[in-house]
Amino acid sequence: APPSQGVQAFDPESGKTVWKFELSQHSLAHGVMATAGGLVFAASPEGNFFGLDAKTGKELWRFGAGGAIASSPMSYSVDGKQYVAISAANVLYSFALPE
């Protein structure tokens, strides 16, 4: 069978797939980032940036960057506030929860 096009979570003990989040296009140019808060962030080549529930794979949030994404998400903190960033079409987008 061809490999899945999307994000997958695996049980480390059994090796079985726990959930899949399918994408219309697949690329090896970007990665996936998981946070201690139970979120997984991933991007698609056509320009969508996703926030997923780490336990279920359910889409919780989506941002259309308006251009191709060929980078991996990253996280950083400033004065105790966590941000998630992604680069797309020569623009760096940075997101945080509202206060």
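Tutor: Let us begin with the aromatic rings. This is a predicted model, and the structure holds ten aromatic pairs.

Student: Why is the pair of phenylalanine 49 and tryptophan 61 called edge-to-face?

Tutor: Two values are needed, because a pair of aromatic rings is described by the distance of the centres and the angle of the planes. The ring centres of phenylalanine 49 and tryptophan 61 are 5.6 Å apart, and rings pair if their centres lie within 6.5 Å. Their planes stand at 80°, and planes over 60 degrees apart count as edge-to-face. The pair is therefore edge-to-face.

Student: What makes this pair a tie between parts of the chain?

Tutor: Phenylalanine 49 belongs to strand S5, while tryptophan 61 belongs to strand S6, residues 59-64. The pair therefore ties together parts that are twelve residues apart in sequence. Both residues also belong to a cluster in which ring pairs link Phe41, Phe49, Trp61, Phe63, Tyr93 and Phe95.

Student: Are phenylalanine 49 and tryptophan 61 buried or partly exposed, and how do you know?

Tutor: Phenylalanine 49 has a relative accessible area of 0%. Buried means under 20%, so phenylalanine 49 is buried. Tryptophan 61 has a relative accessible area of 31%.

Student: Why is asparagine 48 called buried, with a relative accessible area of 16%?

Tutor: The cut-off for buried is under 20%. Asparagine 48 has a value of 16%, and therefore it counts as buried. This residue is found in strand S5. Leaving aside neighbours within four places in sequence, its contacts are Ala42, Ala43, Arg62, Phe63, Gly64 and Ile69.

Student: How do you know whether serine 44 is buried or exposed?

Tutor: Its relative accessible area is 0%. Since buried means under 20%, serine 44 is buried. Serine 44 is found in the loop between strand S4 (39-43) and strand S5 (48-53). Beyond its neighbours within four places in sequence, serine 44 is in contact with Leu23, His30, Phe50 and Ile69.

Student: What elements does the protein chain have, and how much of it counts as buried?

Tutor: The protein chain has zero helices and nine strands. Of its 99 residues, 31% count as buried. The chain exposes about 6,300 Å², of which carbon and sulfur atoms supply 55%.

Methods. Residues numbered from 1 in each chain as written. Predicted model: local features only at pLDDT ≥ 70, side-chain atom pairs only at ≥ 80, totals over all residues. Heavy atoms only, no water. Helix = DSSP H or I, 4+ residues; strand = E, 2+ residues; numbered from the N terminus. Buried < 20%, exposed > 50% of the residue type's maximum accessible area, 1.4 Å probe, protein only. Contact = heavy atoms within 4.5 Å. Areas by Shrake-Rupley, 256 points an atom, 1.4 Å probe, with all protein chains shown as cover. Phe/Tyr/Trp six-rings, centres within 6.5 Å; stacked < 30°, edge-to-face > 60°.
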